Amino acid sequence: TAVAVGFMSRMRFTEAHERSDADGESTYQAAFREPEVRRIFITHGLTLLTLALGTSLIPNYLNDTRGLEAATISTLGAGGALGSAVFGILITRNRQLQGAPFVGAAIAVFAVAVSFVLFATQTALLLIAIAFVLRGGFFSTWALFLAALGESAPSRLRSRSFTVVEILGGSALSFAPVISAQLYRIAPVTPIVVSALGSVLLIPFILYGHRKRRQSFHHRPAEPTPPPAPLVTAEHEGTGG
């Protein structure tokens, strides 16, 4: 986090876009009144809650049902970070997915659903390792919904929209283990099965959001173009006339 703050401190931001539509209301209520923004809120919250239900107690599940030691589970857990990195590279390399974050999120959710099936049915260490890699799509969905929100939210509402998304995501990650624990009492595999089924049901909903997002872009009026930035000459740079 400290390194990230260091990079952010070197960036220069302009308020031109904020001034361009400053006449509009800039509140949390206004953000919820935007249909496209509200749809992203709902999709983001439901997706993270559904995926977190299955991933929260996977270490417990593997220890109780597969007999894996904590050190082995921790080592395999690094596969999730690898999966997130690989998925991020694939997204940035694919022009179509760059412009369709909802489609990318649907693919990531499908990958996590496959990982749930592997966790629930397989005992081979290699397949469990693959499941951990596929589980890396979990946090990729968060980044993709943020990308969609950045394009869909009006500039005056972006700061509040991002705040709402962080609150919803954090709440999902906080409450999912509580719900998952109750499902775990039924049977250790129950949270994984519930998440797998929920993930499959979410994919059409996410793709529907993609279609609605494209339709809204076709009918959205263009925001006013901000004034051009002033030219910086060599004299202003202090390097001579």
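A salt bridge here is a side-chain nitrogen of Lys or Arg within 4 Å of a carboxyl oxygen of Asp or Glu. By that rule, a search of the whole structure turns up one salt bridge: Glu36 pairs with Arg39, with the closest N and O atoms 2.7 Å apart. Before going further, some ground rules: this is a predicted model, where local features need pLDDT of at least 70, side-chain atom pairs count only at pLDDT 80 or more, and totals for chains, interfaces and linings use all residues. Residues are numbered from 1 along each chain as its sequence is written, and side-chain values use heavy atoms, with hydrogens and water left out.

Back to that pair. Glu36 and Arg39 both sit in helix α4 (residues 35-55), three residues apart, or about one turn of the helix. An α-helix has 3.6 residues a turn, so residues three or four places apart point the same way. Side chains of opposite charge can pair when their charged atoms come close. As for burial, take buried as under 20% relative accessible area, exposed as over 50%, and partly exposed as in between (1.4 Å probe, protein chains only). Glu36 counts as buried because its relative accessibility is 7%, and Arg39 counts as buried too, at 18%.

Now zoom out. The chain has 13 helices and zero strands, where helices (H or I, at least four residues) and strands (E, at least two) are DSSP runs numbered from the N terminus. Of the 241 residues, 37% count as buried. Contact means heavy atoms within 4.5 Å, and among contacts between residues at least 6 apart in sequence, 80% join residues at least 24 apart. The chain exposes about 13,800 Å², with carbon and sulfur atoms supplying 65% of it; these accessible areas come from the Shrake-Rupley method with a 1.4 Å probe, and for residues only the protein chains shown count as cover.

Next, the inside. A nonpolar core is a set of buried Ala, Val, Leu, Ile, Met, Phe, Trp, Tyr and Cys residues joined through side-chain atoms within 4.5 Å. The largest one has 46 residues, of which Leu62, Phe119 and Phe132 touch the most other members. The elements giving two or more residues to this core are α4, α5 (58-65), α6 (70-93), α8, α9, α10, α11 (158-186) and α12, and α8 gives the most, with nine residues. Leaving aside neighbours within four places in sequence, Phe119 is in contact with Ile58, Tyr61, Leu62, Arg66, Ile128, Ala131, Phe132, Arg135 and Ile192.

Ser115 is found in helix α8 and counts as buried because its relative accessible area is 0%. Beyond neighbours within four places in sequence, Ser115 is in contact with Ala131, Leu134 and Arg135. Further along, Thr123 lies in the loop between α8 (101-121) and α9 (125-134). Is Thr123 buried or exposed? It counts as exposed, since its relative accessibility is 61%. Not counting residues up to four places away in sequence, Thr123 touches Arg66 and Ile128. Its C-alpha is 9.3 Å from that of Leu62, a residue 61 places away in sequence.

Helix α10 makes a handy geometry check. Its 16 residues (137-152) should span 22 Å at 1.5 Å a residue, and the end C-alpha atoms are 22 Å apart, which agrees; the expected span is 1.5 Å times one less than the number of residues. Buried residues in α10 include Phe138, Trp142, Phe145 and Leu149.

Asn60, in helix α5, is partly exposed, with a relative accessible area of 38%, and its C-alpha lies 8.4 Å from that of Pro188, 128 residues away in sequence. Ala181, in helix α11, is partly exposed at 30%; its C-alpha and that of Leu57 are separated by 7.7 Å, although these residues are 124 apart along the chain.

Patches are made of residues with over 30% relative accessible area and no salt bridge, joining like charges within 9 Å and nonpolar side chains (Val, Leu, Ile, Met, Phe, Trp, Tyr) within 5 Å. Ile42, Leu46, Phe205 and Tyr208 make a nonpolar surface patch of about 340 Å². The elements giving two or more residues to this patch are α4 and α12 (190-219). Phe205 belongs to α12 and counts as partly exposed because its relative accessibility is 31%.
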